[in-house]
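Subject: Structure for your review

Dear colleague,

Please find below the structure that I am handing over to you. My notes on what was found in it follow directly after.

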Amino acid sequence: MNRLILSVFLVGSACLAGCGGGGGGGGSTPPAISVTISPKAISLLEGAVQPFTSTVTNTTNTAVTYTILDVGGGTITADGHYTAPASVGTFHVRASSVADPTKSDTATVTVTAPIVSVSVTPPSANLLYGATQSFVATVTGSSNTNVTWKVTEDSSNTWINSAGLFTAPFATGT
């Protein structure tokens with residue numbers, strides 16, 4: 001009886017050793033699918049367009065699906081061209097593997113407002129009473145280049161017109 005138990009034990013041990021320890025059926029586990037999005041973080045102006053690219057590894061199907069994770073966070077095309085919204089904020093773009101949608105990577109997009117500046121040419125003028133001077137305003141950082149002219153010392157706003165033509169008053173001032 002002792003021999004029978006020992007024989008069964010030896011046969012059972014040999015089977016386990018021969019098949020790799022009795023675990024998962026023989027072969028090694030394939031590497032997990034991985035997704036990487038680029039760029040990972042970016043700062044854009046409102047309305048700007050940014051292409052994203054993604055790399056999918058450990059599968060023959062390297063296609064991804066792009067999604068915006070935040071309501072009002074802009075738009076993205078199937079090929080990864082992101083358009084920032086017309087509002088500032090932090091938004092997220094996700095690239096998910098088509099082969100395994102549970103595998104994804106996320107990029108952070110910070111949307112900022114453009115810096116609008118106005119310059120006036122000439123910056124100052126010395127005029128005689130009643131003389132005129134044309135001023136030109138240049139607006140940068142905005143598609144709206146309209147300006148409203150105002151002379152601080154002129155409460156009636158009669159010294160300068162909407163085209164930037166200033167008429168010097170018949171009084172002293174700066």
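Pro 39 sits in the loop between strands β1 (34-38) and β2 (41-45); helices (H or I, at least four residues) and strands (E, at least two) are DSSP runs, numbered from the N terminus. The peptide bond that joins Ser 38 to Pro 39 is cis, with omega about 0°. A cis peptide bond also joins Thr 121 and Pro 122, here with omega about -10°. Pro 122 belongs to the loop between β10 (117-121) and β11 (132-134).

Please keep in mind that this is a predicted model, in which local features need pLDDT of at least 70 and side-chain atom pairs count only at pLDDT 80 or more, while totals for chains, interfaces and linings use all residues. Residues are numbered from 1 along each chain as its sequence is written, and side-chain values use heavy atoms, with hydrogens and water left out.

The chain as a whole

The protein chain has one helix and 13 strands. Read from the N terminus, the order of elements is α-β-β-β-β-β-β-β-β-β-β-β-β-β. Of the 174 residues in the protein chain, 20% are buried; buried means under 20% relative accessible area, exposed means over 50%, and partly exposed lies in between (1.4 Å probe, protein chains only). The accessible surface of the chain comes to about 11,500 Å², and 59% of this surface belongs to carbon and sulfur atoms. Such areas come from the Shrake-Rupley method with a 1.4 Å probe, and for residues only the protein chains shown count as cover. Among contacts between residues at least 6 apart in sequence, 51% join residues at least 24 apart, where contact means heavy atoms within 4.5 Å.

Two asparagines in one loop

Most residues other than glycine have a negative phi, and most peptide bonds are trans. Asn 58 has a positive phi of about 70° although it is not a glycine. Asn 58 is in the loop between β4 (53-57) and β5 (64-68) and is partly exposed, with a relative accessible area of 43%.

Asn 61 is found in the loop between β4 and β5 as well, and it counts as partly exposed at 30% relative accessibility. A polar atom of the Asn 61 side chain lies 3.1 Å from the backbone nitrogen of Ala 63. Not counting residues up to four places away in sequence, Asn 61 touches Val 56, Val 98 and Ala 99. The C-alpha atoms of Asn 61 and Ile 33 are separated by 9.9 Å, and these residues are 28 apart along the chain.

Asp 105 and its partners

What does the side chain of Asp 105 make a polar contact with? The partner is the side chain of Lys 40, at 2.7 Å. A polar contact is a pair of N or O atoms within 3.5 Å; within protein, one must be able to donate a hydrogen and the other to accept it, and residues adjacent in sequence count only if both atoms are side-chain atoms. A polar atom of the Asp 105 side chain also lies 2.9 Å from the backbone nitrogen of Ile 37. Asp 105 is located in strand β9 (residues 104-112) and counts as buried, at 15% relative accessibility. Leaving aside neighbours within four places in sequence, Asp 105 has contacts that include Val 35, Thr 36, Val 93, Arg 94 and Ala 95.

Aromatic rings

The structure holds three aromatic pairs. Rings of Phe, Tyr and Trp (its six-membered ring) pair if their centres lie within 6.5 Å; planes under 30 degrees apart count as stacked, over 60 as edge-to-face and the rest as tilted. The rings of Phe 135 and Trp 149 have centres 6.5 Å apart and planes at 40°, so this pair is tilted. Phe 135 lies in the loop between β11 and β12 (136-140), and Trp 149 in the loop between β12 and β13 (165-167), so the pair ties together parts that are 14 residues apart in sequence. Phe 135 is buried, with a relative accessible area of 14%. Phe 135 also forms an edge-to-face pair with Phe 166, at 6.4 Å centre to centre and 75° between the planes. This pair links distant parts of the chain, since Phe 166 is in strand β13, 31 residues from Phe 135. Ring pairs join Phe 135, Trp 149 and Phe 166 into a cluster.

Yours sincerely
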